[in-house]
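The entries follow in the order I made them.

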Amino acid sequence: MKRRAMFTTASLLAAGVVFSGVAAAQATIKIGVLHSLSGTMAISETTLKDTVLMMIDAQNKKGGVLGKKLEAVVVDPASNWPLFAEKASQLLEKDKVSVVFGCWTSVSRKSVLPVFEKDNGLLFYPVQYEGEESSKNVIYTGAAPNQQAIPAVDYLMKEVGVKRWVLEGTDYVYPRTTNKILEAYLLAKGVKPADISINYTPFGNSDWQTRVAAIKKFGSAGKKTAVVSTINGDANVPFYKELGNQKISAEDIPVVAFSVGEEELSGLDAKPLVGQLAAWNYFESINTPANKAFIDQWHTFIKNPKRTTNDPMEATYIGFNLWVKAVTKAGTTDPAKVIDTLPGIETPNLTGGTAKVLPNHHITKPVYIGEVKADGQFNVVWKSAGEVAGDAWSDYLPGSKNIEADWVTLKCGNYNTVTKVCSGQNFK
Amino acid sequence: MRRFSMGGQWPLVLLLAVASVTRIYAQSPKDAAFLSVLGELREASYSDKASIAERLSQTGHSSVRVVLTALLEDRLYYRNSDQKVFVVKTADADPLALIDPLSLKAAGSAPADGMTKIGTNNSLRHTLKMTVAHFSLGSADAAVRLDAVHEMSLSLDEETVALLRKRLAVETNSGVRKEISIALALSTLDGSDSRARLQAVATLSDSVSQDVRNRLALLLDKSPDGTFVESDAKVRQAAAAAVESIDRWRTFYSDIQTLFFGLSLGSVLVLIAIGLAITFGVMGVINMAHGELMMLGAYTTYVVQTAMPEHIGISILVAIPAAFAVSGLMGVLMERTIIRYLYGRPLETLLATFGVSLLLQQLVRSIFTALNRSVITPDWMSGELKLNDALSITYNRLYIVIFTLIVFSAIVAVFKRTRLGLDIRAVSQNRAMAKAMGIRTEWVDAMTFGLGAGIAGVAGVALSQLTNVGPDLGQSYIIDSFMVVVFGGVGNLWGSLIGGMSMGVTNKLLEPWIGAVLAKIFVLVALILFIQVRPRGLFPPRGRAAEDK
């Protein structure tokens with residue numbers, strides 16, 4: 001019995017070796033994964049690397065794409081922005097990957113942008129960002145400000161009756177741009193400048209006493225006040241702890257956050273956060289068959305039934321499926337042809353809707369507002385009517401109001417509808 | 001909110017006891033009405049739930065308070081099989097212990113997946129709090145009553161005023177009495193009797209609450225037609241004076257608060273620097289892994305909490321010696337295996353300890369993953385000590401200030417009063433002479449480094465209550481701790497105390513004016529300039545020992 005088992009194992013092993021030999025001999029389609037696996041961003045990005053690997057694994061079990069197996073090329077840009085550009089050119093020039101899934105922070109995206117444009121590669125970017133960009137070589141599967149920040153503010157204004165606003169952010173490009181858009185939006189909606197307070201704190205700020213006391217004071221003027229938080233990851237825990245300690249509850253001054261999701265909540269004691277709001281395009285708690293299957297698949301793949309799923313994971317899932325569909329439709333993995341095929345491609349998202357690639361290289365996404373529950377999950381309290389089309393250039397900033405991105409008819413990421421000039425990709 | 005919910009459960013227990021004695025047997029028409037309204041909660045939207053809750057309280061049923069409190073605390077469920085609504089003892093338990101909403105008696109238990117929670121959102125909780133506040137006025141706990149009065153004073157109508165009047169007549173607690181009289185005075189401001197209004201303004205001028213100030217300021221406003229909202233000039237005058245006095249007091253208290261913020265930031269700086277003041281200050285070792293020793297302390301807290309989930313309250317106290325031991329042993333290990341070969345070679349020490357810091361970070365990543373770990377704040381450390389309406393001090397900061405002072409005194413005592421301290425001082429002043437006197441200098445080196453590392457671990461326990469517990473924890477504090485030690489004067493513990501405190505206070509005094517980012521930059525620039533003028537810091541070492549260094 002024992003001997004036979006050993007024999008079986010050995011033959012299986014042998015078969016495995018032969019099989020992998022055959023597979024290696026066959027041409028594979030290479031997929032680049034450009035997420036930090038070390039450094040400060042590893043905490044968020046490692047999950048997305050695993051998501052891409054899971055999707056590749058599942059696709060290969062279905063027979064791959066165009067009859068070929070997919071092969072992941074994983075590199076580690078180590079949360080180091082210049083290294084992102086270096087690794088991106090390695091992926092595109094040396095490994096000749098057909099597509100890259102990667103980046104989290106805006107600065108990493110900005111640093112790889114010239115590389116992708118020079119080598120005419122294709123990048124799927126899965127994280128909500130500040131907008132004001134549309135590259136020919138990037139598909140933005142995360143939310144633009146009009147798919148997250150603006151609906152969240154609308155919700156607070158209309159459903160909660162907020163009259164006074166604190167825009168609290170970490171001092172870098174995403175909060176600054178988002179807050180600029182939100183401030184313009186609020187002013188356009190008739191909010192008085194005296195009712196808006198904008199503040200920035202350094203990265204990883206851990207002493208929130210003064211800020212929270214100031215928020216408390218700002219919120220005690222007799223008008224309903226809310227905080228719109230673009231505070232970056234690590235600074236959130238001490239911020240919410242301080243809110244809890246100074247007895248500011250979500251009923252008095254709600255805080256709506258754009259970068260606190262299930263994964264972040266799993267690393268902290270969620271009790272002081274109960275009732276605080278987050279705006280995303282996906283929540284793990286949304287009950288659809290697709291989402292349930294995705295969560296099960298994730299738990300099986302990562303071998304840990306306690307791991308959460310989150311919004312950027314869904315964006316990665318959508319991006320991957322969009323790419324597979326576009327490649328299948330185009331009949332080739334040549335990035336240039338796939339880029340031309342992508343606009344108009346549709347794929348179901350995990351919350352029962354459809355994600356469609358728009359001519360501006362953004363996608364349609366539903367918007368959800370959730371309240372934090374004690375178990376670190378979200379209770380959806382508001383949902384947009386249908387999907388919202390991502391807008392690359394904000395309509396509320398004076399500089400970008402007239403700018404349009406259209407890679408189908410205009411073939412331009414930055415077209416000024418007044419002067420009728422396409423001024424290249426970077427808005428000047 | 002926390003205090004509120006804790007208080008809410010005691011009356012529930014009381015009521016349960018009462019209910020089990022009285023025993024409501026038959027289902028009266030009142031019960032039927034109550035049940036049918038209660039049933040509507042199952043499918044309703046959040047906005048409808050608010051009006052259903054309102055109707056529920058109008059039924060006047062004896063269970064209203066318990067049911068609404070349960071709804072507020074996420075403890076109201078319905079059974080999927082028969083759609084029957086139940087109150088449960090503790091939310092999110094499995095199985096759930098059911099309580100019948102009518103009789104308030106235990107009604108067995110049910111598996112959690114057979115029950116659906118009736119959810120709430122912020123605005124519904126807000127309404128519920130208000131409704132429950134009406135019932136809470138009769139609570140036995142003065143703190144609950146105080147919260148209830150405060151809640152009610154935010155939306156005063158005839159009914160609440162009548163309730164408050166009734167309560168004032170029997171209220172014995174002076175704090176609650178004061179809060180009620182303020183609420184009543186606020187309601188009087190709407191009345192037509194100008195003498196009563198004047199009286200009310202006088203009552204309110206003693207308060208330092210922002211809500212009261214806002215209400216009084218409204219009296220000074222003009223209506224759109226140009227007339228004053230408050231017709232009586234005398235009342236207006238009194239109100240203006242009251243607003244001014246409240247503002248003055250609030251500014252005064254907010255200055256005190258800023259000072260406390262500064263001291264608490266300062267004590268965190270001192271706490272993270274004391275260990276370094278020993279290893280860098282006394283021994284002259286540039287230990288770049290100091291931050292990681294703090295991180296080990298923070299992770300020790302996490303491990304201790306995971307090991308004793310039932311006793312979170314005392315886990316922090318257990319974690320302090322544990323973290324001291326873990327980080328201290330790591331320090332001794334570092335000293336024996338690496339640093340002792342590098343004495344007198346600062347550059348190599350710096351590089352070697354930097355390498356150790358990377359090793360420790362990766363070690364933690366491998367064991368605990370790169371994700372942050374959640375360290376729970378015990379109840380006794382959360383919340384704030386409310387001194388009055390304008391001044392509150394958060395407990396966690398208060399304890400950390402006290403803790404820093406204790407740790408500091410303990411270290412000073414070790415240095416001044418113990419044999420080890422004497423040896424350390426002797427070795428640091430003149431190694432050769434100390435050796436000649438029979439002191440085992442190598443042993444003293446190891447112990448000193450271990451002591452410094454252990455204190456870093458203890459600082460880590462405190463940091464676990466303030467910030468993220470992750471592999472990068474140490475890096476965000478290492479610069480600050482070196483700054484404090486250099487500013488205070490290398491080799492001087494008191495220098496670190498004064499240095500850290502003054503840096504904290506300066507930072508917090510500047511923050512409201514120029515923002516957190518600029519305040520940090522300003523402190524750094526000021527420090528660089530200071531070091532230019534006095535390179536040896538605030539309290540430079542003096543005497544012969546100083547010349548040798």
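Before the first entry I note that a helix axis here is a line fitted to C-alpha atoms over the stretch in contact, and that angles run from 0 to 180 degrees between N-to-C directions. The model is predicted.

Entry, chain A. I looked up helix α2 (residues 42–61) of chain A against helix α11 (residues 311–330) of chain A, and found their axes 10 Å apart at an angle of about 35 degrees. The crossing of α2(A) and α11(A) is right-handed. From α2(A), I listed T47(A), L48(A), T51(A), V52(A), M55(A), I56(A) and Q59(A); they meet residues of α11(A) including P312(A), Y317(A) and F320(A). By class, this contact has nine nonpolar and five polar residues, and no charged ones.

Entry, chain B. I turned to helix α11 (residues 233–282) of chain B and helix α15 (residues 395–417) of chain B, whose axes come within 9 Å and cross at roughly 30 degrees. Angles under 35 degrees count as roughly parallel, so α11(B) and α15(B) are roughly parallel to each other. Their crossing is left-handed. Among the residues in contact are F260(B) and L271(B) of α11(B), and R397(B) and F403(B) of α15(B). I noted 16 nonpolar, three polar and one charged residue in this contact.

Entry, cavities. How many cavities of 30 Å³ or more does a search of the whole structure find? I recorded four. The largest cavity holds about 60 Å³ of space. Its lining includes K241(A) and D269(A) from chain A, and R373(B) and N468(B) from chain B. I sorted the lining of the largest cavity into four nonpolar, five polar and three charged residues.

Terms used. Residues are numbered from 1 along each chain as its sequence is written. Chains are lettered from A and ligands numbered from 1 in the order in which they are written. This is a predicted model: local features need pLDDT of at least 70, side-chain atom pairs count only at pLDDT 80 or more; totals for chains, interfaces and linings use all residues. Side-chain values use heavy atoms; hydrogens and water are left out. Helices (H or I, at least four residues) and strands (E, at least two) are DSSP runs, numbered from the N terminus. Angles under 35 degrees count as roughly parallel, over 145 as roughly antiparallel, 65 to 115 as roughly perpendicular and the rest as oblique. A crossing is left-handed if the near helix is turned anticlockwise from the far one by less than a right angle, and right-handed if clockwise. Contact means heavy atoms within 4.5 Å. Ala, Val, Leu, Ile, Met, Phe, Trp, Tyr, Cys and Pro count as nonpolar, Asp, Glu, Lys and Arg as charged, and the others, Gly among them, as polar. On a 1 Å grid over the protein atoms alone, a cavity is a set of points where a 1.4 Å probe fits but cannot get out, and a pocket is an open set with protein on both sides within 12 Å along at least five of seven lines; lining residues have an atom within 4 Å of a point. Grid points are joined across faces, edges and corners, and a volume is the space filled by probe spheres set on the points.
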